[in-house]
Amino acid sequence: MACARQARTWATARSFRRSYATVQSAKSPTAIVMMNMGGPSTVPEVHDFLKNLFSDGDLIPLPFQRVLAPLIAKRRTPKIEDQYTAIGGGSPILRYTRAQGEGLCALLDELHPESAPHKPYVMFRYANPLTNSTLAEMHKDGVKRAVAFTQYPQYSCSTTGSSLNELYRKRDVDGARGVEWSVVDRWGTHPGFIEAVAQRIESALQKFSPDKRSDAVLLFSAHSLPMSVVNRGDPYILEVSASVSAVMQRLGNKNPYRLVWQSQVGPSAWMGMQTSEALKGLARLGRKEVVLVPIAFTSDHIETLYELDLEYGKEAEELGVEVHRAESLNESPVFIRALADIVSAHLRDYSASKIGPASVQLGLRCPGCTNAVCGQQKKWLAGAGLS
Ligand SMILES: C=CC1=C(C)c2cc3[nH]c(cc4nc(cc5[nH]c(cc1n2)c(C)c5CCC(=O)O)C(CCC(=O)O)=C4C)c(C)c3C=C
Ligand SMILES: [Fe+2]
Ligand SMILES: [Fe+2]
């Protein structure tokens, strides 16, 4: 009985807090915070991007991280600079994320007028705009309600988890403090996302001559994960697999397919099979028509434009394999509509108290997790992120 009474009191307090915040934020925008890793927009920004990336203990825990991270970044910079030069002089992720955010907020104003106006903010983990500068912008705009919206469709502690941990560390900074936060932390099987990917695959299939089309192998390719992360119970592999299954179902399972993994870094064991090995293996088995499908990242980046297109493209040519890559989602209107639907449903269900500020799944730490910040971040978000 006492428990039920306590739960009712909490529910009333939360509902009061929400309506109070809504009245307070009558004139300030609802912030839709587009979280992602980011990328260097120009070649001279590569070094700082890598330094930030190797300094992130949630992604790559290193002994003596503060000392080692700058050294590793410096050593790796020339190679990665060459890759960004080869794809046109920088990462297009900021441009695409801004376009996606603007498109989705324009739709959201119609889909969920109760929380309008909606304003997109980009919050990158390793490249500008970084967390602090985004929070400063939100503070300037007087934001009181914000949705932290991960742009990774499938959840991993090394990606979305890292961005949320960083937000938690900055919870007392102006722009974050006193803001009512909620989180969209994964959406890898949302029908709109699946539809957008399926349409990209259908366009790629059209590039084969009709007699070869149904033989083409759909090779879904996602960024790999170190086995140490997989083995502590990270949900990413499962969630990417679920996306692939949903896309195949939408396509009516008309083509054979495999899910393979790319972009492993360093000498430790990573999730396989590697994409380049799979291409070689398929060629050996006489499968000479392949569609490469990026499934875990929605905008172009070095893994699509350099690794898939240039590196594997050349490899495929040598192997005599006809490869077409499914275009990244980038500014696909079907995809932008999906983003708007995802946030609109979240805002509706949250304001009706049907869901909490974070998903039930986000509340569960990986069974093998030893990162204390993950636990603190989840507790903070479960309390509506109010400091
Ligand atoms: C869903 C996507 C990604 C996961 C999961 C991921 C995990 C992960 N990555 C590293 C190490 C590096 N990743 C690097 C670049 C990079 N990573 C992703 C995406 C995921 N990473 C992207 C899209 C990019 C490229 C960014 C771009 O603008 O193109 C790099 C830097 C490049 C390099 O030095 O090779 C490193 C390092 C780890 C260790 C990891 C899981 C723990
Ligand atoms: Fe990565
Ligand atoms: Fe985890």
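Ala148 stands opposite Val183 in strand S4, with strands taken as DSSP runs of E of at least two residues and helices as runs of H or I of at least four, both numbered from the N terminus. The chain gets from S3 to S4 by way of helix H6 (residues 160–169), and this β-α-β crossover is right-handed; that is, with the strands pointing away from the viewer, the path from the first strand over the helix to the second runs clockwise. S3 (residues 145–150) and S4 pair in the parallel sense, over 5 bridges, where pairing takes at least two DSSP bridges between two strands.

All this comes from a predicted model, in which local features need pLDDT of at least 70 and side-chain atom pairs count only at pLDDT 80 or more, while totals for chains, interfaces and linings use all residues. Residues are numbered from 1 along each chain as its sequence is written, and chains are lettered from A and ligands numbered from 1 in the order in which they are written.

Back to S4 (residues 180–184): 5 of its 5 residues are buried. Buried here means 20 or more other C-beta atoms within 10 Å of the residue's own, against 12 or fewer for exposed and anything in between for partly exposed, with C-beta atoms placed from the backbone. In a regular strand, side chains alternate between the two faces of the sheet. Glu180, Ser182 and Val184 point one way from S4, and Trp181 and Val183 point the other way.

Next comes an open sheet of 4 strands, with parallel pairing and the order S6-S5-S7-S8. Strands S6 (257–262) and S8 (322–325) sit at the edges with a single partner strand each, so one side of each has no neighbour in the sheet. From one strand to the next, the twist averages 30°, as an angle on a 0 to 180 degrees scale between N-to-C directions of lines fitted to C-alpha atoms. S7 (residues 289–294) and S8 share 4 bridges in the parallel sense, and Glu289 has Glu322 in S8 as its bridge partner.

What about ligand 1? It is surrounded by 24 residues, and the closest are Gly39, Ser158, His223, His301 and Ile302; a residue counts as near if its C-beta atom lies within 6 Å. The shell has 15 nonpolar, 7 polar and 2 charged residues. Helices H3 (65–86) and H12 (302–319) each supply at least two shell residues. Domain 1 (43–86) and domain 2 (191–325) both contribute to the shell, so ligand 1 lies between them. Their bounds come from an automatic or database domain assignment, and their centres, taken over C-alpha atoms, are 26 Å apart.

Terms used
Nonpolar A, V, L, I, M, F, W, Y, C, P; charged D, E, K, R; others polar.
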